[in-house]
Amino acid sequence: MPGDPPPLEFEPSTPLQFLPGMGAARAERLRRLGLRKAQDVLFFFPREHQFPPPPTKVDELREGQPATFIGKITDAELVSRTPGKSLFAAIVENESGAVRIVFFNQPFRAEQLTLDRSVRLSGTPKLAGLRWEFSHPKYELIEADEADPENAENKGEILPVYPLTEGVKEYELRRLTRRVASVLAEGAKEVMPASIREAAGVRLRDAGIELAGDLPDIATTLRDIHCPPSAETLTAARTRLIFQELFVMQLALAMRRTSLTGRLQAPAMPCTAKIRQRIVRRFPFELTADQNRVIDEIAQEMGRQFPMNRLLQGDVGSGKTVVAIFAMMLAVASEHQATLMAPTEVLARQHFQTLRKILADSRVRIGLLCGSLTAAQRRETLEKVASGELDLIVGTQALVYDIDFHSLGLCVIDEQHKFGVRQRVRLREGGVDPHYLVMSATPIPRSVAMTQFGDVDLSTLREKPAGRGEVHTYLAVDSWRDRWWDFVRQRIAEGRQAYVVAPRVGDETVASDSTSGSTGDAADALDDLDALDEVEDVTSVNRTFEQLRDNVFKEQRVELLHGRMKAEAKQDVMQRFADGEIDVLVSTTVIEVGVDVANATVMTILGGNRFGLAQLHQLRGRISRGVHAGYLCVFTDGERSPEESERLKVFEQTSDGFELAEADFRLRGPGDMLGKKQSGLAPLRIADLNRDVEVLQVARMMAQELIDEDPDMQADEITGLRDQVLRRYGNRLDLGDGA
């Protein structure tokens, strides 16, 4: 009928090979980018956009004004008269004339810019005699048909830049996405009602986001992200997609928060003034204002009949363990059990000793559960846990396997970044709903806290206990070594102790030997992985140990510690170091978390360029445990890259863990920091947690407001949005069953 829209050339579900002009071979190459159907192309978003000026004709070039020139290479020559010095020159010509390009001391250009190749140049020309010349221009090799003046690339249009793979060219993807968007964008389902788009537009503008009006509808958004007619419409389209992605994530997290607080049951553990005083009296020091504030937050939540789900983050040495002990004692005071899980047996045993010391004259019964126990010891401990004969149970990851608690009221997990998500929720899967306190000595950037830990409440310790010595950090050059070793010997002569952390240079993840002497089940196999995703090169640390023992510290007592040692051997070395029987401990990053020897005030890190900022800061935290000043010297392996130099300079100049966390996030980006085990969340497709913090904050606020009004998202106008939330995050966050 007249006026009816033309029939679709293809459907969203059409396989790519059946799209016009595609074919099986090209479709197979696109599969490597995750593109299988037409709809995949529609939602394959550009990673950035370019704003090139339209190509300039020769007679339009002006000296000192940036220009783009497209043509074919008609002449090229590489001249090299002396070793190490060369000149490559080429003539690039089109119908308007010719220009010359030159590169000094870059002979490899001759292999790229060959005769008859079409090229797009951009740079600032200057007159050299009677010819225009571009010196060291940026360039892009293009196909002959890309040089057509009618192509969008050659008309100064905004150009999307997509991720590529071998055999797929940028201009091919641009043509494909334009074609698909022109056919399918209008039929895309809108899941964000106009009321949400309008409210989001207002709040985003209030947050300082450049946005002319409301967020656009989805059809306009999809057309403009692939074929933006202007910078203003591109900004609106990108903001809409970024907001929607973060909004859907925050809705999922808000639904999970509501589920955890509204549907699960946990034992109420009221904290009276008398109970609080009895617990605090146990500590042989005054609590900081930060510790008192966080204890009040935890006590309030543990007094309710639904599970606390709280993340406690604090800089190294801020006293998180004290807060955890208070929470555990509150559970015991309410006649429930509490468990403290640590990532390594060394740290678990240290927590065990700390608790025994603080509770030495109390009736609280404490048990240790870790991989080095014999089968009989393990069986006896498990029986006492099940019968309620133990009040506090300290251990490693073995705790998450096959344990029958008598009445578990609180689960504390130390150093959460060492545990995968599935292990962290294993106790819930066992049918119990304890209160849940996770501790991290690695401060978390605010955008990460709002996403990867967005379903938990956050407490922060910034204030350090009084009397802690200052740590002086030095980024060293190799010529300092002899003088530094002299300095270390002087500190040892004064009665102090020292760490030397060996570099990580291997590519192979080394499993622990801690299963020897244990029951041999799955729990023990995972019990003492000192770093689940890190490299520990034992050859390197052994070599460093031998060299220091035999040459540098011949008069001092030097010992070795690494993760492949038997658990008993590691514990023996750490105990002797704590007792002052060892002067220099040569170690891998097994000492990274929790090791507390106040007399150890000097640390040397070798191969420091191989460590991230967070890990360097964790290591530095080992020498800020007492009243004496600490000294840290970082040496690097060979030449440092610019990125390594920037990271190490930040570390040298900044001692605040929260500032370092933000700097680390800025330098490394979300992909590297979050890692595989950090979250059950799906990867982001267009949003960037580093760049889009303001959008994230608006999305989080609006998501929580929506869930507060409609916890199950049942309103008719948001059913499409609810479907998207469940489709993307339902299984990942267990939203379907409220777990």
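Tutor: A residue is called buried at under 20% relative accessible area, exposed at over 50%, and partly exposed in between (1.4 Å probe, protein chains only). The model is predicted: local features need pLDDT of at least 70 and side-chain atom pairs pLDDT 80 or more, while totals for chains, interfaces and linings use all residues. Residues are numbered from 1 along each chain as its sequence is written, and side-chain values use heavy atoms, with hydrogens and water left out.

Student: How many disulfides does a search of the whole structure find?

Tutor: A disulfide is a pair of cysteine sulfur atoms within 2.5 Å. Searching the whole structure by this rule gives a count of zero.

Student: Is C370 buried or exposed?

Tutor: The relative accessible area of C370 is 1%.

Student: How many salt bridges are counted?

Tutor: A salt bridge requires a side-chain nitrogen of Lys or Arg within 4 Å of a carboxyl oxygen of Asp or Glu. By this rule the count is 30.

Student: With which residue does R120 form a salt bridge?

Tutor: The closest N and O atoms of this pair are 2.8 Å apart. Helices (H or I, at least four residues) and strands (E, at least two) are DSSP runs, numbered from the N terminus. R120 lies in strand β5 (residues 118–123) and its partner in strand β8 (residues 138–142), so the pair ties together parts that are 20 residues apart in sequence.

Student: What separates R349 and E345 in helix α11?

Tutor: The two side chains meet in a salt bridge of 3.0 Å, N to O. R349 is partly exposed at 22%, whereas E345 is buried at 2%. Because they are four residues apart in helix α11 (residues 345–358), the separation is about one helical turn.

Student: How far apart are the closest N and O atoms of D478 and R481?

Tutor: D478 is exposed, with a relative accessible area of 54%, and R481 is partly exposed at 24%. These residues form a salt bridge, and the closest N and O atoms are separated by 2.5 Å.

Student: How far apart in space are G626 and V597, C-alpha to C-alpha?

Tutor: G626 is in the loop between α20 (613–620) and β22 (630–634), and is buried at 11% relative accessible area. In sequence, G626 and V597 are 29 residues apart; in space, the C-alpha distance is 8.0 Å.
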